[in-house]
Amino acid sequence: MTYKTKLLTTTAALVLAAGTAFADAHATHPETGEALASEQSFSYSILDDFPSIDPQMVEDVEGSSVARDLFEGLMVENAAGEAVPGVAESFEVSDDGMTYTFTLREDAVWSNGDPVVAGDFVYGLQRAADPETASPYSWYVEVMGVLNASAVIAGEMPVEELGISAPDDRTVVYQIDAPRPYFPQMTTFPTTFPANRAAVEAGGDDYTSPENFVSNGAYVLSEYVPGEKLTRVRNEMYWDNENTIIDEVTALIINDSNQALTRYLAGEIDLVMDVPAGQFPRLSAEYPGEALSFPSSCSYYYLINHTDSGNPALQNADVREALSLAIDRGVIVDNILAGGQKEAYTFTHWAVAGWETPDIDIANMTQEERNAKAQELIAGAGYGTDGEPLTVEILYNTSDSHRSIAVAIGQMWKQTLGVETELANQEWATYLDTRGEQNYQVARAGWCADYNEPSTYLDLFNSGSSYNDGKFVNEEIDALLAEAKTAEDAMPLYQQIEQIASDETAILPIYHYASVRMKDENLANWPTENFLQNWYSKDLYITAGE
């Protein structure tokens, strides 16, 4: 497929006219020597609208992708997923590993011309931790181990006591509660991005509208039509603008993955983020240069509501285990998805750096053995074919893939256990509220790593985590998580946590993601080696093709 010709937005056209566009009819890439297309813009499809694109409020994968274009943190990631300098040109760590000092580059400015100063990073993190902001990701500041984070988030200390400071305009100092060798990578996450106080305060509730948004990244917000599209264009004030090639990026919100694929094949979209379930084998055969599958740092699972508002039968650990055992994960990954996903019996993704998956019993059984044990457990609990009827409701957000999986699991539960299922489908924002308020029985969920270390998954088992939407509580896990924060070797503790979560069936792990994409062959430098799939439009470019 050749690169599609599209009309530039007025803003992008002005950028070109101003002479800042990298490519022209004869331009070549400065490093690879490839001929570049005269138009450097691309579009991609996503399933759901953005709950927010404010870095301190972002809580989803697609919102984070936009935030990484509009803002730049102290560190960014390269194509291999390694942390490299962003706004910070360098950093030093103290001998005890508990103080990080970042030195900012002098040429970083905001899109309105204001210099980016250390106080902007302090204000951004304080804003995320401030209970008045009500950030859904305030807990991330705690996970980073920032000094006094828990007390600040709880409203027990003022935000000024948070362990981040700016001794001068070019120095950001983080104080953390224990050594974390992966800490620099944690500063690539949107929650830690700088914020322009004047713009935030002047914009108020409309801060994120295109006319008010002030950003320091490679792009600025050009247009946002809720439920339809979001467009960002080159930020001429960005410190590395002269080495940025892509001029315009448009996220198209298409709730139907089949429709998105149809539009891609018609030449209307350059990148499909969510290929319809089961179609990868056909697409890879027909479009071998365009259909992609590679490991992605997300785990797909079913949450169980452990509170009194949930299904009473699911408070029985034997019932939960029976439901987990009866899920034929091989059928889901091989027959329904067929895109390189792997069966999951633990929450932590198999490809996380340094992770050694513990020996979980359920993973070593055949499906026939799992089914037999599931039937024993459900009967012993008084439910199933010969016991009390049991109906379980599965909540999922709108997606053909989520529905296909829910239907399949419902059939597995019916055939193996005699359990009936009811499906409840909600749009993304409503689904998040319903799940967060524990107004469900079983809910589809997906968690993508915020950094490449097992605790990015396991911290969700903490009874106090705001993303523990099942409200699972286990004091031993809480203690192990606390111990792991300061342990020289946390891996055995992490494995114990997964073992306990499996023994208690805290969640129902289903599969570990693979990123399945359809990508125009002329859209170059997509970071397939970045396990977290943190991508930056400034690193991409469009080749001229034939």
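Two strands count as paired if DSSP finds at least two bridges between them. I start there since the first part of this talk is about a sheet. Please also keep in mind that this is a predicted model.

The sheet I want to begin with is open and has 4 strands, in the order β4-β5-β7-β6, with antiparallel pairing. Which strands are at its edges? They are β4, residues 88–93, and β6, residues 164–168, and each of them pairs on one side only. From one strand to the next, the twist averages 25°.

Take the β6 side. β6 pairs with β7, residues 171–175, in the antiparallel sense, and the pairing runs over 3 bridges.

Now the β4 side. β4 and β5 run antiparallel and are joined by 5 bridges. Valine 93 stands opposite tyrosine 100, which is in β5. The hairpin of these two strands has 5 residues between them, and glycine 97 in that hairpin takes a positive phi near 75°.

In general, a pair of rings is described by the distance of the centres and the angle of the planes. With centres within 6.5 Å as the cut-off for a pair, the count comes to 34 aromatic pairs. In one of them, phenylalanine 91 and tyrosine 100, the ring centres are 6.0 Å apart and the planes are at 40°, so this pair is tilted.

Elsewhere, ring pairs link several residues into a cluster: Tyr137, Trp139, Tyr140, Tyr182, Phe189, Trp447, Tyr451 and Tyr467. Rings also meet charges. The charged end of arginine 105 sits over the ring of tryptophan 239, 3.5 Å from the ring centre. Lysine 342 lies over the face of tryptophan 350, and there the distance to the ring centre is 3.9 Å.

Next, strand β12, residues 291–304. Of its 14 residues, 12 are buried, so the strand is mostly covered. What does β12 pair with? With β17, residues 507–519, β12 pairs in the antiparallel sense over 10 bridges. With β16, residues 442–448, β12 also runs antiparallel, and 7 bridges join the two. To place these on the screen, find proline 295, whose bridge partner in β17 is alanine 514, and then tyrosine 302, whose bridge partner in β16 is arginine 444.

At the start of α10, a side-chain oxygen of asparagine 316 comes to within 2.8 Å of the backbone nitrogen of aspartate 318.

Asparagine 235 lies in the loop between β9, residues 229–234, and β10. With a relative accessible area of 2%, asparagine 235 is buried. What is around it? Leaving aside neighbours within four places in sequence, asparagine 235 is in contact with Ser111, Ser215, Asn216, Gly217, Ala218, Tyr219, Val220 and Asn241. As for glycine 217, its backbone oxygen lies 2.8 Å from a polar atom of the asparagine 235 side chain.

The other residue is glutamate 248, found in strand β10, residues 248–253. Glutamate 248 counts as buried, at 5% relative accessibility. Glycine 354 is 106 residues from glutamate 248 along the chain, and their C-alpha atoms are separated by 37 Å.

That is the tour.

Methods. Residues numbered from 1 in each chain as written. Predicted model: local features only at pLDDT ≥ 70, side-chain atom pairs only at ≥ 80, totals over all residues. Heavy atoms only, no water. Phe/Tyr/Trp six-rings, centres within 6.5 Å; stacked < 30°, edge-to-face > 60°. Lys NZ or Arg CZ within 6 Å of the ring centre and 35° of its normal. Axes fitted to C-alpha atoms, helices over the stretch in contact; angles between N-to-C directions. Buried < 20%, exposed > 50% of the residue type's maximum accessible area, 1.4 Å probe, protein only. Polar contact = N/O pair within 3.5 Å; in protein donor to acceptor, adjacent residues only side chain to side chain. Contact = heavy atoms within 4.5 Å.
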